[in-house]
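Subject: Structure handover

Hello,

Here is the structure we spoke about. My notes follow below it.

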Amino acid sequence: MRIVFCASEVVPFAKTGGLADVAGALPLALEQEGQEIVIIMPYYKEVKKSLNVNKSKEGFPSAVIGKNIKVYFIENDLYFDRQGLYGDAKSDYKDNLERFSYYCKRSLDLLKEINFVPDIIHIHDWQASLIPVYLKTLLAKDAFFKGTKTVLTIHNLGYQGLFPKEEFSITGLDKSLFNMEALEFHGKINLLKGGIVFSDYITTVSPTYSREIQSDELGFGLEGVLHKKAKRLAGILNGLDYSIWDPENDPKIPAKYSVSNIIGKSKCKGALQELCGFSKRADCILFGIVSRLAEQKGFDLLTGIMDKICKTDMQLVILGTGDERYHKIFKSAAAKYKGKLALYLKFDDTLAHKIYAGADAFLMPSRYEPCGLGQIISLRYGTLPLVYKTGGLADTVTAKCGFVFEEYTEDSLFKCITQATSLFTDKKKWLDLMRNAFACDFSWEKSAQEYVKLYKEAQIHY
Ligand code: ADP
């Protein structure tokens with residue numbers, strides 16, 4: 001099949017979160033399955049730094065990943081030559097509707113210009129969600145896309161691309177589409193809703209989350225629309241690119257290790273403790289966090305029990321950026337608990353690798369989590385995840401390889417942290433859990449085969 005990936009961020013070119021990991025790794029696994037893939041993403045300032053970008057013969061900036069996956073970049077400096085992908089430290093860019101409408105339109109033009117007739121356009125999140133809308137409306141009679149089906153993957157329903165209705169003309173769509181059956185959502189434009197309504201198939205990134213988003217609690221107001229399309233909605237668990245995330249072969253960590261040669265992990269812990277200004281104690285549990293600092297990630301609970309945690313015998317390193325509110329709370333906690341709590345308020349891939357490798361346990365108490373990669377990465381590094389039982393966390397972590405709490409309360413989180421801390425003193429039991437963690441297999445192969453099956457179904461039935 002000829003498959004186009006439209007995603008607003010793709011590893012190794014630009015990344016703010018798990019979407020980029022998936023959009024960079026799934027195409028590689030699909031190529032292994034014999035599929036022909038093209039990727040289209042915006043040409044951000046950050047991408048321009050990449051050494052591997054050249055002009056394609058049609059004149060587009062482009063690169064190759066995998067064996068022969070062409071990545072095309074949509075160029076428009078006015079829209080994309082900026083520091084951030086979606087906004088700056090203070091807020092989202094005001095012209096995001098214009099930026100991503102342009103990206104969607106140009107992606108479809110580009111396919112014609114490079115003469116790539118797709119069987120499937122696999123779009124990701126709200127930024128690409130106008131693509132199925134354009135295909136089913138403005139381009140409904142376009143012969144070029146006659147056989148093209150669309151699959152939308154929702155990576156996080158909490159981000160829908162909401163804009164004031166006054167901006168609707170920017171989309172270039174007929175204003176009749178601003179109605180409750182299409183792009184209107186409580187008086188606003190909702191791009192993700194458009195994607196859900198107009199795409200042929202919808203997936204989300206774990207089986208549990210695909211059920212949760214049809215509920216009032218986690219449907220973010222779109223549960224009804226999703227429920228209506230339940231027969232065309234599937235949950236496929238994200239995989240992990242084990243060529244990037246591999247403690248045996250990771251150039252970013254101070255010592256290599258594996259399940260059969262665990263010594264290197266202690267070295268990584270020692271190096272991380274040194275970096276953080278902690279005492280180099282093997283007997284003290286070291287927790288790690290690598291995350292966007294957003295409420296979704298459970299920081300309302302964690303900040304509520306910060307003092308209690310820091311008074312126990314543990315060390316904690318936090319790497320993240322996000323809500324100013326959490327920056328402030330964590331900054332003051334780090335000042336108060338120097339030597340126990342280290343804080344890095346930035347996006348730093350190398351440090352992330354060091355934390356996954358050096359920590360004993362990984363805290364990820366997300367209130368909701370579509371899939372989550374942090375816990376899957378930490379399993380790979382023999383670092384036991386501590387998670388709330390929700391979405392992809394529920395599908396990947398059990399008491400055999402980590403710690404799971406089932407009530408979303410400060411008390412339950414604290415109990416779970418205490419349980420991990422006390423189990424850490426039993427080296428044999430801890431090692432057993434680590435072995436189970438190393439044995440988990442979340443490689444992309446199986447998930448890629450599920451996607452191929454779903455693409456075929458989309459082609460036959462819709
Ligand atoms: P989400 O996509 O909701 O942000 P995921 O757990 O699915 O969460 O994926 C997050 C990805 O981004 C992981 O690869 C994680 O290691 C990485 N990440 C998050 N914050 C940072 C940071 N501050 N520095 C480096 N990597 C980060």
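A residue counts as buried when its relative accessible area is under 20%. Aspartate 21, at 16%, is therefore buried. Its side chain still meets that of lysine 15 in a salt bridge, at 3.0 Å from N to O. Please keep in mind that this is a predicted model.

Salt bridges

The whole structure holds 27 salt bridges. Some that I looked at:

- Glutamate 36 and arginine 2 pair at 3.6 Å, N to O. Glutamate 36 sits in strand S2 (residues 36-42) and arginine 2 in strand S1 (residues 2-6), so the contact ties together parts 34 residues apart in sequence. Glutamate 36 is partly exposed at 39%. Arginine 2 is partly exposed too, at 27%.
- Lysine 228 and glutamate 181 form a salt bridge, with the closest N and O atoms 3.5 Å apart. This pair links distant parts of the chain: lysine 228 is in helix H8 (residues 223-228), glutamate 181 in the loop between S8 and S9, 47 residues away. Lysine 228 is exposed, with a relative accessible area of 68%. Glutamate 181 is exposed as well, at 54%.
- Lys45, Lys48, Asp77 and Asp81 are linked in a network.

Sheet

S8, S10 and S9 form an open antiparallel sheet, in that order. Strands S8 (162-164) and S9 (184-185) are the edges, each pairing on one side only. Three bridges join S8 to S10 (residues 188-190). In one of the pairings between these strands, phenylalanine 163 has isoleucine 189 of S10 as its bridge partner. Helix H6 (residues 191-198) lies across S8, S9 and S10, at about 50° to S10.

Cores

The largest nonpolar core has 92 residues. Ile121 and Leu183 have the most contacts inside it. Beyond its neighbours within four places in sequence, isoleucine 121 touches residues including Val4, Cys6, Leu108, Phe145 and Val151. A second, separate core has 74 residues, among them Ile285, Leu293, Ile318 and Ile377.

Cysteines

How many disulfides are there? The count is zero. A disulfide needs two cysteine sulfur atoms within 2.5 Å. The sulfur of cysteine 104 is 7.4 Å from its closest cysteine sulfur, in cysteine 6, so the gap is too far for a bond. For cysteine 276 the closest is in cysteine 284, at 12 Å, again too far for a bond. Cysteine 104 is buried, at 1% relative accessibility. Cysteine 276 is also buried, at 11%.

Best wishes

Key: Residues are numbered from 1 along each chain as its sequence is written. This is a predicted model: local features need pLDDT of at least 70, side-chain atom pairs count only at pLDDT 80 or more; totals for chains, interfaces and linings use all residues. Side-chain values use heavy atoms; hydrogens and water are left out. Two strands pair if DSSP finds at least two bridges between them. Helices (H or I, at least four residues) and strands (E, at least two) are DSSP runs, numbered from the N terminus. Contact means heavy atoms within 4.5 Å. Axes are lines fitted to C-alpha atoms, for helices over the stretch in contact, and angles run from 0 to 180 degrees between N-to-C directions. Buried means under 20% relative accessible area, exposed over 50%, partly exposed in between (1.4 Å probe, protein chains only). A nonpolar core is a set of buried Ala, Val, Leu, Ile, Met, Phe, Trp, Tyr and Cys residues joined through side-chain atoms within 4.5 Å. A salt bridge is a side-chain nitrogen of Lys or Arg within 4 Å of a carboxyl oxygen of Asp or Glu.
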